[in-house]
Amino acid sequence: MSIQVRVPVQELSETSLAPSFKVYTARHLEQIPQVQRLPSQIRQEMKVVASVLPFRVNQYVIDDLIDWRDPIADPIFQLTFPQKGMLKPAHYQAVEAALATEDAAHIKATIAEVRAQLNPHPAGQLEQNIPKVNGEPVLGLQHKYRETVLFFPSSGQVCHSYCTFCFRWAQFVGDPSLKIAAKESSQLCDYLREHPEVTDVLITGGDPLVMKTKNLRAYLEPLLAPEFDHIRSIRLGSKALTFWPYRFVTDADAQDLLALLREIVAAGKHLAFMAHYNHWRELETPIARQAVANVRATGAQIRSQGPLLRHINDHPADWARLWQTQVELGIQPYYMFVERDTGAQHYFEVPLAQAWQIYRQAMQQVSGIARTARGPSMSATPGKVEIQGVTEIHGEKVFVLRFIQGRNPDWVQRPFFARYDEQATWLHHLKPAFGESKFFFED
Ligand SMILES: *Cc1c(COP(=O)(O)O)cnc(C)c1O
Ligand code: SF4
């Protein structure tokens, strides 16, 4: 079966659509007109879950991306609105009971206890990858793979909406000790000066595109100086092309933003927009397409990545259409991730064996041009591990795996084997194949 997607060139007059950004959080859930029309049981469930997991959604997502005729079946509704199943039954009941007491201290303690049990920092994010300058930890940086430093600017630690499955959810629920954020770009520069092996800087968050252009410029412009010639690629990790495409078209500083992107390209850097996409529906609105066209016109590349999620995109046809649409819009599919072991993972997880089948069947529906997404890939403690397939070796059914990225560069592209396990959803569920006692990277 092959898929057909027509991507017409969209014209959008500057004056026809220029809404201002309007956002709703947990406190405003009941003010959303579309939510007011939902049954009271569902509204109650949403309130309970939104008291634990972050909730933030804006008018564009509500009005233009969600089909409210059947919201529970709608992938963008599942992507942004809390659902009862996102908390395990015991957690749900505990929080619902606590809320009913209206005892603020008890509610707070219950919520904190539940959050602590949701593995708020998967893959050793807080302890293991924080680099040091002059012996002092630099809190807004993460350096796990030799070539690439991640930078979390302090003013980019929110998003235009929140994804219900986000592995960074702990940063959004208001505990400042959980925030990985930098105050200054000077620390970034100090670190990069000492690390000529670093070629890529990835500005991430939250979403760095929530920042005003002038703030973003303060972080990015210093990297264009000759002393940072070793920085060859600048990446921006963002979901703004989905959640607030007006950022690149009609926002007051949209033109200044596009000018900044052009300056980075003119300085000879590779500028890569690492766009987070989960569903082809995110690419259907005229404004989303205009935003993609505007970013591409600056000379920036757009690459796409996103996790495979039950309730949102666990059908091969959805991935095939996502990749095909992206290719037609000039976006390169880059990674398909496995949902991380944190937050509402039990709600979204897809067993590794099934994830591989979905990936494979989606690949089979598109031409080679759209087959550039690697995956399904787990961002685990030792590195990014890709499920290459399932096969049988000497009568033993095994997963064939490889490192796409490794904490140790020598691990990269090494195939290895794990005992087949139909239920496994993460690397730590897997056992070495052939009766071996550990994986090679565990030495
Ligand atoms: C994925 C990732 C990167 C970037 O890896 P690439 O394979 O170069 O895209 C960098 N740092 C961390 C911590 C990552 O998870
Ligand atoms: S856009 Fe990215 S960082 Fe923001 S909530 Fe979604 S997954 Fe998390």
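The shell around ligand 2 comprises five nonpolar, two polar and one charged residues, where Ala, Val, Leu, Ile, Met, Phe, Trp, Tyr, Cys and Pro count as nonpolar, Asp, Glu, Lys and Arg as charged, and the others, Gly among them, as polar. The model is predicted, so that local features need pLDDT of at least 70 and side-chain atom pairs count only at pLDDT 80 or more, while totals for chains, interfaces and linings use all residues. Residues are numbered from 1 along each chain as its sequence is written, chains are lettered from A and ligands numbered from 1 in the order in which they are written, and side-chain values use heavy atoms, with hydrogens and water left out.

Surrounding ligand 2 are Cys159, Tyr162, Cys163, Cys166, Phe172, Gly206, Lys239 and His276, each with a heavy atom within 4 Å of the ligand. Ligand 2 sits in the largest pocket, a placement that requires more than half of its atoms to lie within 2 Å of the grid points. A pocket is an open set of points on a 1 Å grid over the protein atoms alone, where a 1.4 Å probe fits, with protein on both sides within 12 Å along at least five of seven lines.

Gly206, one of the residues around ligand 2, is joined to Gly205 by a cis peptide bond with omega near 15°. Gly206 belongs to the loop between β7 (200-203) and α10 (213-220); helices (H or I, at least four residues) and strands (E, at least two) are DSSP runs, numbered from the N terminus. The peptide bond between Gly375 and Pro376 is also cis, with omega about -10°, and Pro376 lies in strand β12 (residues 374-379). His311, although not a glycine, has a positive phi of about 75°; this residue occupies the loop between β10 (301-308) and α14 (316-329).

Helix α14 packs against helix α16 (residues 352-363) at an angle of about 50°, with the axes 8 Å apart. Axes are lines fitted to C-alpha atoms, for helices over the stretch in contact, and angles run from 0 to 180 degrees between N-to-C directions. The two helices, α14 and α16, are therefore oblique to each other.

Definitions and conventions: On a 1 Å grid over the protein atoms alone, a cavity is a set of points where a 1.4 Å probe fits but cannot get out, and a pocket is an open set with protein on both sides within 12 Å along at least five of seven lines; lining residues have an atom within 4 Å of a point. Angles under 35 degrees count as roughly parallel, over 145 as roughly antiparallel, 65 to 115 as roughly perpendicular and the rest as oblique.
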